[in-house]
Amino acid sequence: MTHVVTEQCIRCKYTDCVDVCPVDCFREGPNMLVIDPDECIDCAVCIPECPVNAIYAEEDVPADQMPFIKLNAELAQATGWKSITKRKPALPDADEWKDKPGKMSELVR
């Protein structure tokens with residue numbers, strides 16, 4: 001199994017989770033992080049580190065977030081989505097976006 005970053009991460013991109021990942025499975029896009037399912041070892045240490053509760057074990061992904069399982073796998077391999085291994089500042093307006101629902105249209109691939 002793997003872990004999945006869901007919609008809550010879009011336009012926030014807090015990277016607290018990256019610092020604790022023992023296998024460097026996070027990939028960074030313009031305004032979101034994803035988890036490479038081929039690299040994730042299912043350790044779950046990233047889940048409590050996410051300040052917006054955007055990370056779930058694959059089997060626990062909420063029904064309305066299921067498309068993010070496939071999306072994480074696709075974007076982890078996409079050109080321009082590079083490995084991120086160190087914490088960076090969140091996006092400048094992250095606090096304004098962190099609690100907003102329906103952010104899929106805001107995703108920059």
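Which residues does Thr2 touch, not counting residues up to four places away in sequence? The views below are of a predicted model, in which local features need pLDDT of at least 70, side-chain atom pairs count only at pLDDT 80 or more, and totals for chains, interfaces and linings use all residues. Residues are numbered from 1 along each chain as its sequence is written, and side-chain values use heavy atoms, with hydrogens and water left out.

View 1. Leaving aside residues up to four places away in sequence, Thr2 touches Ile35, Asp36, Pro37, Cys40, Asp42, Tyr56, Ala57 and Glu58 (contact: heavy atoms within 4.5 Å). Thr2 is buried at 6% relative accessibility (buried: under 20% relative accessible area, exposed over 50%, partly exposed in between; 1.4 Å probe, protein chains only).

**View 2. His3 in strand S1 (residues 3-5).** Strands (E, at least two residues) and helices (H or I, at least four) are DSSP runs, numbered from the N terminus. His3 has a relative accessible area of 2% and is buried. Its side chain makes a polar contact of 3.1 Å with the side chain of Asp42 (N or O atoms within 3.5 Å; within protein, one must be able to donate a hydrogen and the other to accept it, and residues adjacent in sequence count only if both atoms are side-chain atoms).

**View 3. Buried residues of helix H2 (residues 67-76).** These are Phe68, Leu71, Asn72, Leu75 and Ala76. They cover an arc of only 120° around the axis, so they lie on the same side of H2 (arc: that of the directions from the helix axis to the C-beta atoms). The buried residues of H2 pack against S1, strand S2 (26-28) and strand S3 (33-35).
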